[in-house]
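Please keep the structure open beside the text.

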Amino acid sequence: MNRLSRRRFLELFGSAVLLAACQPTPAPAATKAPDTAPEVEPVEEAEVVPVKVTLGFVYGAFTPQEKWEGYFGSFLADHPNVEIKYIPVPLEGWGAYTEKILTLLVGGEQVDVIWNAIEAVPLMAEKGVLVDLGPWMEVAPNVQEFVDDVHPKLLQGLTWKDKQYLLPFAWNNVLMFYSRQALEDAGLPEPAPDWTWDDFLLYAKEMTVDKSGDGEIDSFGFQSSRSTWGAGPWTISNGTFWMNEDFTEPWYDDPKTVQAIQFAYDLIWKDEVAPSGDFPTIENFAAGNLAMFGGAPATREGLVPADVSTDDYNINFWPSNTGQAVKGSIWGTDGYGITTGSKNPEMAWELLMHLVSKEVMLNLVTGTAASGSAPARRSLATGPEFAAHSPANYLYWYESLDHGRTVINPPNFAALGEIHNRYLSLAWAREMTVEEAAANIQQDMEAEIARYLEEEAS
Amino acid sequence: MPSVSGRVWKKPTMNPMVQEAVAGYLFVLPTVLSFLIFLAIPLVSGLGLAFVSWDFFSTPRFVGLNNFVALSRDRIFATTVRNTAVFAFSATALNVGLGMTIAIGINSIKRSWARSLLRSAYFVPFVVSGVVTALLFQFLLQESLGVVNYYLVRLGFGRVPWLTSSRWAMRSIIMLDVWRAVGFYVLIFLAGLQGIPAELYEAAEVDGAKRWAKVTRITLPLLTPTLFFSLIIALIGAFQVFDAVYVLTDGGPGDATRTIVMYLYRQAFGSYNMGYAAAIALVLFIIILFFTVIQFKMGDKWVFYR
C-alpha cells in the first residue's frame, strides 16, 4: 500500500484550496438594495442564480393549511427563490398557542414569520423572541400607505413598551347579534343603538319561549358568557372594566364590575333568559333556539355554513347602564411579526408587507381567509366588499374601535385569565356567590401581579 | 497479504477475552445510549432543575430549596394533590375491581367465540386515544344537549351538570377513565386466570366445592400476584393522569379537577417556571415511590405465590 508523502499531501491540499477559490461565490442572502451602486463592470455572461431562501411560517392550525397557502401565491410568484415552510400550531386559545410557539423556538425550530394575537405581544416581546419592527417601518418605502389605512388603535395594540412587534392583519370586537326572525315572532322592533340594560332584558324575556309547551324553554333570549371576552362588554357598558389600562390593577372590587358580573349571572339563574352550561351558539342561533348573543366579525363566517344569511340577523351596540349610549366594546387584533432568530429578516420583512397588503387582506372579506375576522385596513373594513358579507349595521364594528378596551394582555395574561375563570366557573356552578368570586379574583390577581412585578424587577 | 513495499500485513491480535468484552459492550451500547439520552440524563437534569429558577430563555439561577418552600405554601398545589389522590385511589379501585370481576365472568363463559367477543369489546376503548375518548365524553355529557342528560330527562330525572359542577366533574373523569382502561385490566386478569391449573378446580369439584367456594378458595388466592401487579401499575398510571382532565374540564370548575401533572404542565409551559415545575415532578415521584413501597410491603402479607 502506497503511503501518502508529506509533499504529495501538500500538493493535493494546495490544489484543493485553489479549486475551492475558483468556485462561484454565493450571493448574499440579504435582498435589501445596497446604498450605492457597485462600481465594477457587470459580466454579461454571468447568470445570477438567486439563493434559495426558506422562510419558516407559524400559523394557527384551526383551519386547513390550504387557506393559509392562499395568502402566499403572488409573493411566491414574485420571489421564485423563496419557499415557505409551514409550521402549524394547534390553536385552542391564545395562551396555549403562544406557549407552543415559544416551546418551538426554544427547541430550535427555524421560524421567521409568526401569526399571533394581541395577547401574545407583551409576553413574546419580554422573552425577546420578536423583532422590533419600528426601524424597518421607518425606512420601508411602502409602509406609510398601510399605516394610513389602519386604525391607530390596532397598531397601538400590537406594541409593547412603545415598540411595534406585529403588524395588524385582522381584528374582532364583541357587539350584540340578534335574529330578525326572533324579533318578528316576538313583535319587537329592531333595538335602538342607545338601548339600555332594561330594554335588553325586556327583549330577552320576550324572546325566551317554550315553543312546544312542555314546560321546558326551547328558545332562549340570550346566551350569557362568563369569560373576560364574552362578559367584558357588560363591564364596559357599566362604565368600568376588568382591570386598569396597563393591567397592573384589577377592578374586581369595583361595585360596578361586580354589578356587571351579577347582571350576566342573573340572566341565567334569576331572569332565566339564558341557558346554563354548554350551549353551542352558532348551531342554536341557526336553529332558531337563540335570539341574541355577543358576537364578533369572525362570527359571520361561522354562520355561513349554518345557512344563516346576513339578512337573517343584524348587530347592535351593547346596551348601556350608564345613561349614555355604549359604542365601545372589548376588542382584540392579530398580526404578523418577525422572530429574532430569523436567518432572513429582510425577506421576512418583505413577506410581512405582502401579508398586510390589500390583496391578501381581501381574503378576509370574501370568505377565503383562514379566519372571518374584520380586516385591519379601514378601506376594506368599511368598504363595499365587507358590506356584502356583513349584516346591515356592519359599520358599528369599526365605529366601536374608537371607544373600546383591549383584551387583557400583559405578559402574565394566561395566569390572570386562569384566576378569572377559576372563580367565575364556581359562581356559574352556583357554588360561590358573585361577590365571593369577585373578591377572590381581586385577591388572587393582586398576588399574581405582585409576583410578576417582583420577578420582572429581579 | 504482501504489500507493494514487500512488507507483510499482520492482522492485529487481541486477547480473546478482551475481544469478547468489546463485542459485549458494543451489543449493549445502543441500549445504554438510549437509556442515557432518554432517561438518565433527563432524570438528572430534572432533579437539578428543581433547585433553580429558569424560564426557558434566561440563564438558570440557583435558588436552593426555594421552589420546595414555595410548593409547601402553595394552596393550589395542595388542592391538586388532594384531587389526584381522590382520582388515583377511586380509579385504581374501580379499574382493578371491575377488571377482575369482569375477567372472572368472561372466563366462566363456555363458548369460546363469546369469550373472544367480550374480551375484544372491553379492550377496544383502551386502544383509542385518550384525547379522542375525552372528546367523546365531552359530547355525551354536555349539560344542555348531551345524550346522557337527554335520556335522564326522558326517564324523569333532572339534568346533571356532569362537567360544570365540583360535585360531578371528578366523578365524570373517573367514569371516563374506567370506561377506557377497564378492558386492559380485564385482559391482564384473563391471562392470570388462564395460568391457574384446571386440576385444582377438578379436585375441588371432587371434594364437593361449590362455585363460590372455588372462586374464593382457588381463583382469588391464585390471582393475587396478578392483582398485585395490576394495583401497582394502575396506581402509578393514575397519579399521572393528564389528558382526560385537560380535555374534559381543564381542571375546573374552579380547581375541582386540577391534578398534579396538569399543574406541573401549567407551571412549565404556561408560566415558564421550569424550576418550580421540576420541583412538582420530584414531589410527584416521591408520592408515587411512597405508595409503591407501601404496596410492596403490604404485598408480602397477602400475595400468594405458588
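A salt bridge here is a side-chain nitrogen of Lys or Arg within 4 Å of a carboxyl oxygen of Asp or Glu. By that rule, the side chains of B:Arg266 and A:Glu99 form a salt bridge, with 3.2 Å from N to O. This is a predicted model, in which local features need pLDDT of at least 70 and side-chain atom pairs count only at pLDDT 80 or more, while totals for chains, interfaces and linings use all residues. Residues are numbered from 1 along each chain as its sequence is written, chains are lettered from A and ligands numbered from 1 in the order in which they are written, and side-chain values use heavy atoms, with hydrogens and water left out.

**Where the chains meet**

Counting contact as heavy atoms within 4.5 Å, 28 residues of chain B touch 29 residues of chain A. The area buried between the two chains is about 2,400 Å², and carbon and sulfur atoms give 46% of that; buried area is the accessible area (1.4 Å probe) that two parts lose on being put together, summed over both. In chain B, the residues that lose the most area to chain A are B:Phe57, B:Arg266 and B:Tyr272, together 22% of what that side buries.

There are 6 salt bridges between chain B and chain A, and the count over all chains comes to 19. Two of those between the chains are listed here.

| Chain B residue | Chain A residue | N to O distance |
|---|---|---|
| B:Arg266 | A:Glu99 | 3.2 Å |
| B:Asp55 | A:Lys127 | 2.9 Å |

The pair of B:Asp55 and A:Lys127 crosses from the loop between β1 (52-53) and β2 (61-62) of chain B to the loop between α5 (120-126) and α6 (134-139) of chain A. Helices (H or I, at least four residues) and strands (E, at least two) are DSSP runs, numbered from the N terminus.

**A sheet in chain A**

Chain A holds an open sheet of 4 strands in the order β8-β9-β7-β10, with mixed pairing; two strands pair if DSSP finds at least two bridges between them. β8 (220-222) and β10 (313-316) of chain A stand at the edges with a single partner strand each, so one side of each is left without a neighbour in the sheet. Neighbouring strands of this sheet are turned by 25° against each other on average, direction ignored.

Which residue in β9(A) is the bridge partner of A:Met176? The partner is A:Gly294. The strands β7 (residues 175-179) and β9 (residues 290-295) of chain A pair in the antiparallel sense over 4 bridges. Helix α10 (residues 197-206) of chain A lies across β7, β8 and β9 of chain A, running at about 140° to β9(A). Axes are lines fitted to C-alpha atoms, for helices over the stretch in contact, and angles run from 0 to 180 degrees between N-to-C directions.

**Two backbone details**

The peptide bond from B:Gly252 to B:Pro253 is cis, with omega near -5°, and B:Pro253 is found in the loop between α10 (243-248) and α11 of chain B. In chain A, A:Asp162 has a positive phi of about 65° although it is not a glycine. A:Asp162 is found in the loop between β4 (159-160) and β5 (163-164) of chain A.
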